[in-house]
Amino acid sequence: MEATIALRLPRDAASVPLIRQMLDGTLRSLGVVPHIRDDIELMLTEACSNVIKHAVPSDDYTVSASVQNHLCVIRVVDTGQGFDPDEVADPTPGADHGRGLQIMRALADDIRFTNRRDDGAIVCLEKRLQFSPGAAGVNLMTM
């Protein structure tokens, strides 16, 4: 079984709770344990927030999330000017902003950045899923 959510969203802060709630509802229905859902929610929030803050002149962005074989894969795609994650400076201690990439790297089991110069960027986040005992997702993921 594979479950997929894909949305094209306006580059607006109001879009973040929508996709976050949709994905969390899907993961909750499958029986993914809370701490893994929390990690996924935070990674997704950071990736979407970075698009909203930095992906100019993009008007919208796309989020897709799929669950297959005990793995959640999230792709956040924008049509801004792109960026090189290796050139993003680490935040100074005590800074209020600038920790998004660090948070995503710390929580994801795998993270990939694709810079499409002058055509945006793709952030791909992967997280291995853990299920509660007897959860629907355990049986469905083996089909």
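A disulfide here is a pair of cysteine sulfur atoms within 2.5 Å. In general terms, it is a covalent bond between the sulfur atoms of two cysteines. Searching the whole structure for such pairs gives zero disulfides.

Before going on, a note on what we are looking at. This is a predicted model, in which local features need pLDDT of at least 70 and side-chain atom pairs count only at pLDDT 80 or more, while totals for chains, interfaces and linings use all residues. Residues are numbered from 1 along each chain as its sequence is written, and side-chain values use heavy atoms, with hydrogens and water left out.

Back to the cysteines. The closest cysteine sulfur to that of Cys124 is in Cys72, 9.9 Å away, which is too far for a bond. Cys124 is also buried, at 6% relative accessibility; buried means under 20% relative accessible area, exposed over 50%, and partly exposed in between, with a 1.4 Å probe and protein chains only. Cys48 is buried too, at 0%. Across the protein, 43% of the 143 residues count as buried.

Now the overall layout. The protein has four helices and five strands, where helices (H or I, at least four residues) and strands (E, at least two) are DSSP runs numbered from the N terminus. Their order along the sequence is β-α-α-β-β-α-β-β-α.

How do the helices pack? Two packed helices are described by the angle between their axes and the distance between the axes. The axes are lines fitted to C-alpha atoms, for helices over the stretch in contact, and angles run from 0 to 180 degrees between N-to-C directions.

Take α1, residues 15-30, and α2 first. Their axes come within 10 Å and cross at roughly 155°. That makes α1 roughly antiparallel to α2, the term for angles over 145 degrees; under 35 is roughly parallel, 65 to 115 roughly perpendicular, and the rest oblique. The residues of this contact (heavy atoms within 4.5 Å) divide into eight nonpolar, two polar and five charged. Ala, Val, Leu, Ile, Met, Phe, Trp, Tyr, Cys and Pro count as nonpolar, Asp, Glu, Lys and Arg as charged, and the others, Gly among them, as polar. Cys48 is among the α2 residues that meet α1.

Next, α2, residues 34-54, and α3, residues 100-107. Their axes come within 9 Å and cross at roughly 150°, and the two are therefore roughly antiparallel. By class, their contact has seven nonpolar, two polar and two charged residues. Among those meeting are Leu42 and Met43 in α2, and Ile103 and Met104 in α3.
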